[in-house]
Amino acid sequence: MRKVALLGSTGSIGTSTLDVVTAHPHRLEVTALAAGRNRDLLRAQCERFRPRLVSLTRPEDAQWLAGQLSYRPEILHGMDGLRACALESGADTLLAAVVGAAGLASAEAALRAGLRVCVANKESLVVGGALMRQALAAGGGELLPVDSEHAALHQLLAGHPPEAVREVRITASGGPFRDWDRPRIEGATIDQALNHPTWKMGPKITIDSATLMNKGLEVIEAAFLFGLGADQIAVTIHPQSQVHAMAGFHDGTYQLQVCANDMKLPIQYALLYPDRLPGPVPPYDWEAARTWTFEPPDLERFPCLALAYQALAEGGTAPAILNAANEVAVAAFLEGRISFWRIQACCGAILSAIPAEPAHTLDQVMETDRRARDAARTWILQHTQGNP
């Protein structure tokens, strides 16, 4: 029986994780749930799964929840609550699905404690990939990806020595603007950017998919997860989202991982690895007629992908700088304060303005994150809608 602490339980990954837990009641038990501000959904989840430790972002929400439940778990809040869920709930497995850099500290601490950490929060690896690898080595736990592309690579690369791998390719749907020309993309509205053709996700990651920053962050994530260089990781546009990744070997052959575009599959893979059991998603239907298409990404129309490769090449704290600027810029776009095209402009400006340095400690990385956010907010004030 795996005992699971779930950080980010009310988001799309969190609710899918609980569907997987429900499908495997004799293999998976929830010991902790942490959420942001969706206290009503968290209350329902607590009544259903009855974790012993619960956390919310705000203290007033934690106080409200304490008066709503039919049982008495320990209820905490803030960053301390995330860490306690990971380390003090009796969990042996952490599923980290907190959006943004906030999930890094708890995931790093869980790795140092020897837990299996299933990372759905790609920012943990983008911001602190080197620190996560150090924590993994120190704690002797496991680090398994939940992103569909990285779960696919984990399966494709298993059993192959690193020297046999020529390249890997992760696929991207291309987002809602795959067929748009650049002038049309530059003027995209919030509603248009949130209209993803394949996946149903939260607003931040949906905007990242529209800019292809999401895929750029996944390139950085793949480098840390699998020890690959930037020149070994490519992106292929695949609108059908059925092939999730490809591994190319030096003999010229490729292997592809195929499954339905349902996040419950990589979540179950990470939680139950190495076992493969029937779950909440039906097997892939090979009897249905379908067409797959593949094409290279256009970096002129989607410059955020190029910025991610630049940050990976610079190394050190550069990915943290890029991620922080992007989080601030996406929030400003969703609030209507900057245009869609200025997301990439902000990210490029901040990446160029703040010099990267080797990443040594969590405090240092988080201080870099703070500086980059402050710089991005200043840049946005100077470039709000209607200003030059």
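Analyst: Helices (H or I, at least four residues) and strands (E, at least two) are DSSP runs, numbered from the N terminus. S209 lies in one of these helices, α10. The model is predicted, so local features need pLDDT of at least 70 and side-chain atom pairs count only at pLDDT 80 or more, whereas totals for chains, interfaces and linings use all residues. Residues are numbered from 1 along each chain as its sequence is written, and side-chain values use heavy atoms, with hydrogens and water left out.

User: Why is S209 called buried?

Analyst: Buried means under 20% relative accessible area, exposed means over 50%, and partly exposed lies in between (1.4 Å probe, protein chains only). S209 has a relative accessible area of 9% and is therefore buried. Leaving aside neighbours within four places in sequence, S209 is in contact (heavy atoms within 4.5 Å) with G175, H196, M201 and N214.

User: What makes N214 buried, and which residues is N214 in contact with?

Analyst: N214, found in helix α11, counts as buried because its relative accessibility is 7%. Apart from neighbours within four places in sequence, N214 is in contact with K122, I205, D208 and S209.

User: At which residues does UniProt place the feature "binding site"?

Analyst: The unreviewed UniProt entry places this feature at K122, S148, E149, S173, H196, S209, N214, K215 and E218. Of these residues, S148 is included in the lining of the second largest pocket. UniProt positions follow the numbering used here, with shortened feature names, and annotations may be inferred rather than shown by experiment. On a 1 Å grid over the protein atoms alone, a pocket is an open set of points where a 1.4 Å probe fits, with protein on both sides within 12 Å along at least five of seven lines, and lining residues have an atom within 4 Å of a point.

User: Why is helix α7 largely enclosed by the rest of the structure?

Analyst: Helix α7 spans residues 148-157, and nine of its 10 residues are buried, so the helix is largely enclosed. The buried residues are S148, E149, H150, A151, A152, L153, H154, L156 and L157. What covers them includes β7 (142-145), β8 (165-172), α11 (213-226), β10 (243-249), β11 (254-258) and α12 (264-272). Just after α7, G159 takes a positive phi of about 85°.

User: How many bridges join strand β1 to strand β2?

Analyst: Two strands pair if DSSP finds at least two bridges between them. Six bridges join β1 (residues 2-7) to β2 (residues 28-34), and the two strands run parallel. V4 stands opposite V30 in β2. Strand β1 also pairs in the parallel sense with β5 (residues 93-96), over four bridges, and there L7 has A96 as its bridge partner.

User: Why is V4 counted as buried?

Analyst: V4 is found in strand β1, and its relative accessibility of 1% makes V4 count as buried. Not counting residues up to four places away in sequence, V4 touches L28, E29, V30, T31, A32, A91, T93 and L271.

User: Which residue has a phi near 70°, a positive value in a residue other than glycine?

Analyst: That residue is L212, placed in the loop between α10 (203-211) and α11. L212 is buried, with a relative accessible area of 3%. S241, in the loop between β9 (233-237) and β10, likewise is not a glycine and has a positive phi, of about 55°. At 4% relative accessibility, S241 counts as buried. Most residues other than glycine have a negative phi, and most peptide bonds are trans.

User: Is the peptide bond from Y273 to P274 cis or trans?

Analyst: This bond is cis, with omega near 10°. P274 lies in the loop between α12 and α13 (303-314).
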